[in-house]
Amino acid sequence: MSGCFPAPAVISGAASSATSQIVWGPLFQFSVWSSTPTPTSTSFSLIYNHNNQPSRRRWLPLSATERSKLKGESSFALQLQCDCESEIREDNEWVVVNFYHFVFIKDAEAQVAKHHTFLKGLDIRGRIYVNEQGINAQYSGPSRDALAYVEWIRADDKFANMLVQICAAPTGHAFPKLKLRYKPSLVQLEGGISHLPLLDPSMRATPLAPSQWRKRLDAVNSNADASNANFILLDVRNGYEWDIGHFSGARRPDVDCFRSTSFGLCQPEVIAADPLANVDKQTDILMYCTGGIRCDVYSTILRQQGFQNLYTLKGGVSHYLANEGPFQWVGNLFVFDSRLSLPPATYKPEAMTKPSKVEVSENNTFARCYICGLQVCQLRHRNCANLDCNLLYLCCTSCVDDLRGCCCSKCTTAPRLRPVLQGAHRYEKWHTYRDLKSQSQLTT
Ligand SMILES: [Zn+2]
Ligand SMILES: [Zn+2]
């Protein structure tokens, strides 16, 4: 298992020697540097033994500050924090990386070109958007390439302290291709976001660390601290994301697409479904989304509407699950890549081995088939087999059979019908099925 290091940990050794003996915390014993870190390395590898298992090799990233310490030294000490971003992974282990950062980028188009140059030759796929307001990135790749990119970005002081979330992706790439470009809006929202005061931290919500967030949610059940328990829990995602997992007590957002989110804007046509309608502007609002960016963006809008006490879950649900485990969380987490749905254990495997800690996450009875309303056994959406519909929906096994993988009976008679999707797979490009169809027509 790729574990975190005891924090803060210090390793020291002779930079020029290949056989330094390094003892690091109670779990890890490093025996050999397999590549010697130099002032220009962005990463280096270590051979290590873990709990007397056979030796393994893992890559460690080196920050610019750490690199500068290496200059002219024959030995050095390296300090790493115990968090997911500095977690050591094998260089060929597949990972999905998520980060975003709001900061003024001068000449963003030129920056995009620099990123393209750096990524040449690296096996990275995903969505990386840059503009004058910052960067928003979700991508997959082998950890050596994925981390090298992180370190390259972090070498720029503007990005040195940004939160980077790394998650194992055992089945390889989670994105079909690399889309790296200048984009006027880092996230899609009606009317764009370039006019929003994203770069002013005082206009955004106050970020709560996962442990602080958990304390607020726990207060509701404990009655110990009534003032802490007084808040509105706001899920700033789409309804279909809530359908497979959410914080207990969060209302299902009546939204199909974040673009059209309008909580707190007093729009008469949605007021009944708006959890912030008629809410006192002094009320504590606790907002969460998958990775944090949607909350950061939306909190500036709520701030402009006069809401004063806005809090976000720092790093979103993924950061929370990695740090706290599934406390107060029910179900899975919807993600916008080919994995679609991740159980909490993906983020913190050790939290799931202790029976006392899983009680909440086992309560999955909220998840319902969109067609018949019965409980679904799999917390995972599927795409409608009709290519021209392609709706993401939740479906029980008997409705999958009855409607041949379609979302409704009308779709079952559509011209561009794909076969029933099996297991946890996603549909391939249409030509795969079109060619299959014409082949079978030739042979019959
Ligand atoms: Zn059903
Ligand atoms: Zn359909």
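Reader: What covers the buried residues of H4?
Author: This is a predicted model. In it, the cover over the buried residues of H4 includes strands E12 (206–208), E14 (245–247), E15 (284–288) and E16 (309–313), plus helix H7 (316–324).

Reader: Which residues of H4 are buried?
Author: Pro210, Trp213, Arg214, Arg216 and Leu217. Seen down the axis of H4, these buried residues fall within an arc of 155°, so they line one face of the helix.

Reader: And which exposed residues sit on the face turned away from the buried side?
Author: Ser211 and Ser222.

Reader: How many residues has H4, and what does it span?
Author: H4 covers residues 210–222, so to speak 13 residues. From first C-alpha to last it reaches 18 Å, close to the 18 Å expected at 1.5 Å a residue.

Reader: Switching to the core. Which residues in the largest nonpolar one touch the most other members?
Author: Val95, Val97, Ala146, Ile285, Met287 and Tyr288, out of 76 residues in that core.

Reader: Which strand gives the most to this core?
Author: Strand E7, residues 94–102, with seven residues.

Reader: Which domains does the core draw on?
Author: Domain 2 (94–182) and domain 3 (201–357) each supply at least three residues.

Reader: Back to Tyr288. What does it touch?
Author: Leaving out residues up to four places away in sequence, Tyr288 touches Asp235, Val236, Phe247, Cys295, Thr312, Leu313, Gly316 and Val317.

Note on methods
Residues numbered from 1 in each chain as written. Chains lettered and ligands numbered in written order. Predicted model: local features only at pLDDT ≥ 70, side-chain atom pairs only at ≥ 80, totals over all residues. Helix = DSSP H or I, 4+ residues; strand = E, 2+ residues; numbered from the N terminus. Expected span 1.5 Å × (residues − 1). Buried ≥ 20, exposed ≤ 12 C-beta atoms within 10 Å, placed from the backbone. Arc of directions from axis to C-beta. Contact = placed C-beta atoms within 7 Å. Core = buried A, V, L, I, M, F, W, Y, C linked by C-beta atoms within 7 Å. Domains from an automatic or database assignment.
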